[in-house]
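This report goes through selected features of one model.

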Amino acid sequence: MPDAAERHRRHAGAFTELVRGTRDWEAPAPVEGWTARDVVGHLVEWFPGFLRGGCDVELPAGPSVADDPVAAWTVQCTAVQALLDDPATPSRSFDNRHTGTLPLDEAVDRFYTADVFMHSWDLARASGQDFSLAPGFAEELLEGSKPFEQLMRDSGQYGPAVPVPDDAPVADRLIGFIGRDPAWRPPH
């Protein structure tokens with residue numbers, strides 16, 4: 001299993017390429033009511049408060065996603081990577097009433113990097129870019145999430161599972177599990 005810094009570098013790097021390749025920020029996304037801009041906004045907006053609430057880390061603020069989604073994402077991505085590359089990060093604690101106490105790098109990996117990974121599919125679909133979720137990490141997330149399915153659904157952060165055949169590719173099964181239709185395409 002890659003360490004948290006390497007996994008973030010890989011998946012946030014892929015998301016960065018999708019952000020840079022997005023031409024229509026108002027294009028609809030697979031999450032109902034969201035646009036491509038909203039996908040980036042979600043990641044840029046929820047994580048700094050989550051991090052601040054569990055440890056003493058304050059990420060630098062970039063421009064708003066409304067003004068410049070590419071720069072907003074780039075500032076956050078760079079700051080998170082610097083945090084994960086810091087050799088002191090694994091010895092720091094993250095404490096949250098919902099997650100318990102975890103090493104900071106593990107908390108970032110488990111909650112943020114995983115979210116970046118899954119939302120990469122959303123942004124790729126919204127922007128019409130060619131992208132595939134890495135099967136190994138998709139399998140890890142799918143299997144790791146199944147025991148917490150009801151908690152996930154009750155959080156309001158995930159829609160009802162979309163039925164997908166058991167023999168579908170693991171990426172499609174993960175996308176269906178988190179409430180997206182793997183066959184979703186933007187309306188023309």
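The model is predicted. Helix 3 covers residues 69–85, and its 17 residues should span 24 Å at 1.5 Å a residue; the C-alpha atoms at its ends are 24 Å apart, so expectation and model agree. The buried residues of helix 3 are Pro 69, Ala 72, Trp 73, Gln 76, Cys 77, Ala 79, Val 80, Gln 81, Leu 83 and Leu 84. An α-helix has 3.6 residues a turn, so residues three or four places apart point the same way. The packing partners of the buried residues in helix 3 are helix 1 (4–21), helix 2 (36–54) and helix 4 (104–127).

## The strand pair

Strand 1 (residues 93–96) pairs with strand 2 (residues 100–103) in the antiparallel sense, over four bridges. Asp 95 has Thr 101 in strand 2 as its bridge partner.

## The largest pocket

The largest pocket holds about 1500 Å³ of space. Two or more lining residues come from each of helix 1, helix 2, helix 4, helix 5 (135–145) and helix 6 (149–155). Helix 4 gives the largest share of this lining, with nine residues. The lining comprises 40 residues, and those nearest the centre of the pocket are Arg 110, Phe 111, Met 118, Met 152 and Tyr 158. By class, the lining of the largest pocket divides as follows.

| Class | Lining residues |
|---|---|
| Nonpolar | 18 residues |
| Polar | 12 residues |

## Two buried residues

Thr 35 sits in the loop between helix 1 and helix 2. Its relative accessible area is 15%, and the limit for a buried residue is under 20%, so Thr 35 counts as buried. Apart from neighbours within four places in sequence, Thr 35 contacts Trp 25, Glu 26, Ala 27, Pro 28 and Ala 29.

Leu 174 belongs to helix 7 (residues 170–177). With a relative accessibility of 0%, Leu 174 is buried as well. When residues up to four places away in sequence are not counted, Leu 174 touches Phe 117, Met 118, Leu 133, Ala 138, Leu 141 and Leu 142. Met 118, one of these contacts, is also among the residues nearest the centre of the largest pocket. Between Leu 174 and Val 164 the C-alpha to C-alpha distance is 9.2 Å, at a separation of 10 residues in sequence.

Conventions: Residues are numbered from 1 along each chain as its sequence is written. This is a predicted model: local features need pLDDT of at least 70, side-chain atom pairs count only at pLDDT 80 or more; totals for chains, interfaces and linings use all residues. Side-chain values use heavy atoms; hydrogens and water are left out. The expected span of a helix is 1.5 Å times one less than its number of residues. Buried means under 20% relative accessible area, exposed over 50%, partly exposed in between (1.4 Å probe, protein chains only). Contact means heavy atoms within 4.5 Å. On a 1 Å grid over the protein atoms alone, a cavity is a set of points where a 1.4 Å probe fits but cannot get out, and a pocket is an open set with protein on both sides within 12 Å along at least five of seven lines; lining residues have an atom within 4 Å of a point. Grid points are joined across faces, edges and corners, and a volume is the space filled by probe spheres set on the points. Ala, Val, Leu, Ile, Met, Phe, Trp, Tyr, Cys and Pro count as nonpolar, Asp, Glu, Lys and Arg as charged, and the others, Gly among them, as polar. Two strands pair if DSSP finds at least two bridges between them.
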